[in-house]
Amino acid sequence: MTSIRSVATGSHPAADEEQERMDPERAQGDAARTDAARTDTADDTDGEDTGGHAGAGGQADAPASTPPLRLWGGRFAGGPAEALARLSVSVQFDWRLAPYDLLASRSHARVLHRAGLLDDAELTAMLGALDDLSDAVAHGRFRPTIEDEDVHTALERGLLERLGALGGKLRAGRSRNDQVATDLRLYLRDHARQVAARVTELSTALVGLAEQHVETPAPGMTHLQHAQPISFGHQLLAHVHAFARDTDRLRDWDRRASVSALGAGALAGSSLPLDPAGVAAELGFDRAFANSLDAVSDRDFAAEFLFIAALIGVHLSRLGEEIVLWTTREFGWVELDDAFATGSSIMPQKKNPDVAELARGKSGRLIGGLTGLLTTLKGLPLAYDRDLQEDKEPVFDAVDTLLVVLPAVTGMVATMRVRRERLAAAAPDGFALATDVAEYLVRNGVAFREAHEAVGQLVAWCVAHDADMDEVSEGDLAIINPLLTADVRSVLSVRGALEARSAPGGTAPARVREQIAALGPVLDRDRAWAGS
């Protein structure tokens, strides 16, 4: 699918710099947030297209007494109370949907033309005004004001300023209910790919580090206690597999999210001869809605995206927790580059793993967004309810959080220095080779229950005598347990223990290299999808 955002804003599809992607939306959102909050301050929009003057192809300047534009006020004698207006406003956060709403508006204009509701000249004028408005939005010349209730109101105001009464024809056959459901899907399908791209970059950095440490022995742990020696590359790749599942979920999610709601109207469809399937295809969706009630009320796609985002957050948190431990003096396994660490305001010797800690902390925020939306959705009757206004902020926050955290974690991983000697020295600590002795006995015909007991006795003897297992004499081995013959010494080496773990998926260096080779096509596939 062509990047919806690149189509909507005119940005280059290949532009993958974080600032380039996020600044237009963030700037627009910040401007809207500021305007909506300044209810007691005069609007100062010198040189900007925020209302009251004509744009390209527009009409004469609106009089100063023009009341605020509302999309729903026909049956009301007066305007809403200030308290209601302040509660109802959402433009401070939904303004980032503007490029997607304008993209859908172009498709809707063409549908109205095919239905005979716009003539050729009207369609040309409509599309020209929408293009002009899109350009103004993309470059910050058109912004919402304190009078705009939401993104749809603001954009209709911009269209009316450019076209006068003709601009009002675009509203035929659609509702804010099907508009926002479609806009949010467009936004998320675009940004899910950006998230996938960043996750894949992190996975690539982890694979690159793993390639350097295929044969670096490290303590493998369970319960945060030394268990068995492993390849440090093997441990790094475990995180890659978790992130690969995340990108796989995003691709699978996209298949379910690829449904257009345009044409569902408020809840019951339309009596106008619209073409939902044609609009869906034009917007890059796989299909149009099958049930108009479901189309406007469904937020499964948002909740499922938040679940995936929360799980990415959990995986980032687990990686972050390990790096926090690895950088302590007690572990000392890695050292962070100065560019991805901070210091203390009072203790000059400190070098803090703030990136890892923030990645760990942000997971709670992502989990909270998912929990909040699920709670909002659980009691809603069909079809649309205003509660659904609460779907957007957790989604936007999850996108923003991941697009900030992931590049920072990637940079931290790509630049950190692994202390091979420290890892190798720690690998056999805590009698980590005990299981290898037990399995050696099993290979020589001893029942595992008996082997386990014999090696347990060996460990107890070593603890009592403050000795390592390879320091026990042949005579003491025989006294500890007759099964412990002198030849068990052959497996009391870290290198031998690693090589022995050669079962599929194991930590033997040969198997780790197989993992790296198998992950290459996976990452290539994820990059291709993220860039589509």
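The model is predicted: local features need pLDDT of at least 70, side-chain atom pairs count only at pLDDT 80 or more, and totals for chains, interfaces and linings use all residues. Residues are numbered from 1 along each chain as its sequence is written, and side-chain values use heavy atoms, with hydrogens and water left out.

**Helix 16 against helix 17**

- Helix 16 (residues 434–443) packs on helix 17 (residues 448–465) at about 140 degrees, with the axes 9 Å apart.
- Helix 16 is therefore oblique to helix 17 (under 35 degrees is roughly parallel, over 145 roughly antiparallel, 65 to 115 roughly perpendicular, the rest oblique).
- Axes are lines fitted to C-alpha atoms, for helices over the stretch in contact, and angles run from 0 to 180 degrees between N-to-C directions.
- Helices are DSSP runs (H or I, at least four residues), numbered from the N terminus.
- Helix 16 passes helix 17 in a right-handed crossing (the near helix is turned clockwise from the far one by less than a right angle).
- Helix 16 makes the contact (heavy atoms within 4.5 Å) through A434, V437, A438, L441 and V442, and helix 17 through F448, A451, V455 and V459.
- By class, this contact has 9 nonpolar, no polar and no charged residues (Ala, Val, Leu, Ile, Met, Phe, Trp, Tyr, Cys and Pro are nonpolar; Asp, Glu, Lys and Arg are charged; the others, Gly among them, are polar).

**Aromatic pairs**

- The structure holds 7 aromatic pairs (ring centres of Phe, Tyr or Trp, the latter by its six-membered ring, within 6.5 Å; planes under 30 degrees apart are stacked, over 60 edge-to-face, the rest tilted).
- Y100 and Y187 are edge-to-face, because their ring centres lie 5.8 Å apart and their planes stand at 80 degrees.
- This pair joins distant parts of the chain: Y100 sits in helix 5 (residues 98–114) and Y187 in helix 8 (residues 176–212), 87 residues apart.
- Both tyrosines, Y100 and Y187, are buried (under 20% relative accessible area; exposed is over 50%, partly exposed in between; 1.4 Å probe, protein chains only).
- W253 and F305 form a tilted pair, at 5.7 Å between centres and 55 degrees between planes.
- W253 belongs to helix 9 (residues 232–257) and F305 to helix 12 (residues 300–326), 52 residues apart.
- W253 is buried at 0% relative accessible area, and F305 is buried at 1%.
- One aromatic cluster is formed by F232, W326, F331 and W333.

**Loop residue T485**

- T485 lies in the loop between helix 18 (474–480) and helix 19 (494–500).
- T485 counts as partly exposed, at 38% relative accessibility.

Note on methods
Helices (H or I, at least four residues) and strands (E, at least two) are DSSP runs, numbered from the N terminus.
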